[in-house]
Amino acid sequence: MILAGWATQFASSVLLVWCGYQSYQSIETASWKDDAHWLTFWLLYSFLSFLEMVLDPIMYKLPFWYEAQLCVLVYLSVFGGAQTIYAAIGKRAILAVEGGVKELGQNEKVAEFAGRARAQSEYVKGRVQGAMNKAE
């Protein structure tokens, strides 16, 4: 490990805050290119986060794992790696699993769960808005 575990976690957190701010800034501009950059970044970041969740019991044992994660985040966000990776393999990978994802979305149990989750989120949203209105 080159950096302490907390240092790479902290650097990754700061980088993600910066990426969030850059995403906000891109929404406020008229250009679609920066929107595409950040949308592609967040798409790949969510995929990598899923892989990390699945593979973490194995990967965290590898030396320099957290440093490698930080380097990947920098590459995707700062050096345009998100578009490069998406063009090379991302689009094909998504198309390969698209049918299964659509089929899963049509599953009755999944649809029922999604409906309950949607209803619960609306309930929470109403409670938060009510609390904010009382605070004013």
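**Helix packing and the nonpolar core**

Helix 2 and helix 3 are roughly antiparallel to each other, a label for angles over 145 degrees. The model is predicted, with local features needing pLDDT of at least 70 and side-chain atom pairs pLDDT 80 or more, while totals for chains, interfaces and linings use all residues. Residues are numbered from 1 along each chain, and side-chain values use heavy atoms, without hydrogens or water.

The axes of helix 2 (residues 33-59) and helix 3 (residues 65-77) cross at roughly 170 degrees and come within 10 Å. Helices here are DSSP runs of H or I with at least four residues, and axes are lines fitted to C-alpha atoms over the stretch in contact, with angles from 0 to 180 degrees between N-to-C directions. The crossing is right-handed, meaning that the near helix is turned clockwise from the far one by less than a right angle. Helix 2 contributes His37, Trp38, Phe41, Leu44, Tyr45, Leu48, Glu52, Asp56 and Met59 to the contact, and helix 3 contributes Trp65, Tyr66, Gln69, Val72, Leu73, Leu76 and Ser77; contact means heavy atoms within 4.5 Å.

The largest nonpolar core consists of nine residues: Leu15, Cys19, Trp38, Phe41, Leu44, Leu70, Leu73, Leu76 and Ala82. Such a core is a set of buried Ala, Val, Leu, Ile, Met, Phe, Trp, Tyr and Cys residues joined through side-chain atoms within 4.5 Å, where buried means under 20% relative accessible area (1.4 Å probe, protein chains only). Helix 1 (5-27), helix 2 and helix 3 each give two or more residues to this core. Beyond its neighbours within four places in sequence, Ala82 is in contact with His37, Thr40, Phe41, Leu44 and Leu76.

Glu67 lies in helix 3 and is buried, with a relative accessible area of 9%.

How values were computed: Angles under 35 degrees count as roughly parallel, over 145 as roughly antiparallel, 65 to 115 as roughly perpendicular and the rest as oblique. Buried means under 20% relative accessible area, exposed over 50%, partly exposed in between (1.4 Å probe, protein chains only).
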